[in-house]
Amino acid sequence: MYDTALFYLEHYGYSVLFGIVFLESTGIPLPGESLVIASGILAGQGTLGIGWVLFFAWLGSTLGDNLGYFVGHRYGRKLVVRYGAKVGLTEERFELVEERYRRSGPALVLIARFILILRQLNGFVAGTMRMHWIRFGLYNAIGAALWVGGYALGAYLFGQALQSFFERDITWILMLGALALALTGCIGTFRYLFAAERKREPADGR
């Protein structure tokens, strides 16, 4: 996955970073997180500028989430009922996500980008729940900045630190570090989102 991400970034640069992160943020399951990390690695190697990486990744994520918000606000559950099951998003699972938003509100928008499934559904669910757009936009922009800074800048600094100790090709080491960063965002996703679903399973089986 990272080899592919690096290939496209090396050939198409910031446009592919912006485009993939934007589309992922609207709800399409694309490897936006991988592109952000790969961009940070390339910036650490001098291929891309870290400032532009941070800007385009943040811009793509905030604009994509806002588009997802307006789609959710306009069409909401109609899309989930009609198409959700085709991508594994059943009504029951969507209700669990909605429950988390009702309980946590803006705080969940702030951290949503660090949680695998919420990263794609953040704007859509907030729009469906009729969260005030200004409140959503503020917390979403801050959360996107933290996400981009944590992954892109983290990968960049990691690569820079290793480059200062090694003069030979260390791509495989950078890949391991990038993979570790990606896994950090995935750990606990289903435990957090679908805990209630798992708790119901014993009762359903009786």
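**Entry 1: the overall fold.** I started by counting elements, and I found twelve helices and zero strands in the chain. I noted that this is a predicted model. Reading along the sequence, I wrote the pattern down as α-α-α-α-α-α-α-α-α-α-α-α.

Entry 2: Next I looked up burial: 44% of the chain's 206 residues count as buried.

**Entry 3: contacts along the chain.** I then turned to contacts between residues at least 6 apart in sequence. Of these, 76% join residues at least 24 apart.

**Entry 4: one helix pair.** Two packed helices are described by the angle between their axes and the distance between the axes. Here α4 covers residues 50–74 and α8 covers residues 116–128. Their axes lie 6 Å apart, at an angle of about 40 degrees. That angle makes α4 oblique to α8. I also checked the hand of the crossing of α4 and α8, and it is right-handed.

**Entry 5: who meets whom.** Which residues of α4 and α8 meet? On the α4 side I listed Asp65, Gly68, Tyr69, Val71, Gly72 and His73. On the α8 side they meet Arg119, Asn122, Gly123, Phe124, Ala126, Gly127 and Thr128. Sorted by class, this contact of α4 with α8 has four nonpolar, seven polar and two charged residues.

Conventions
Residues numbered from 1 in each chain as written. Predicted model: local features only at pLDDT ≥ 70, side-chain atom pairs only at ≥ 80, totals over all residues. Heavy atoms only, no water. Axes fitted to C-alpha atoms, helices over the stretch in contact; angles between N-to-C directions. Helix = DSSP H or I, 4+ residues; strand = E, 2+ residues; numbered from the N terminus. Parallel < 35°, antiparallel > 145°, perpendicular 65-115°, else oblique. Left-handed = near helix turned anticlockwise from the far one by under 90°. Contact = heavy atoms within 4.5 Å. Nonpolar A, V, L, I, M, F, W, Y, C, P; charged D, E, K, R; others polar. Buried < 20%, exposed > 50% of the residue type's maximum accessible area, 1.4 Å probe, protein only.
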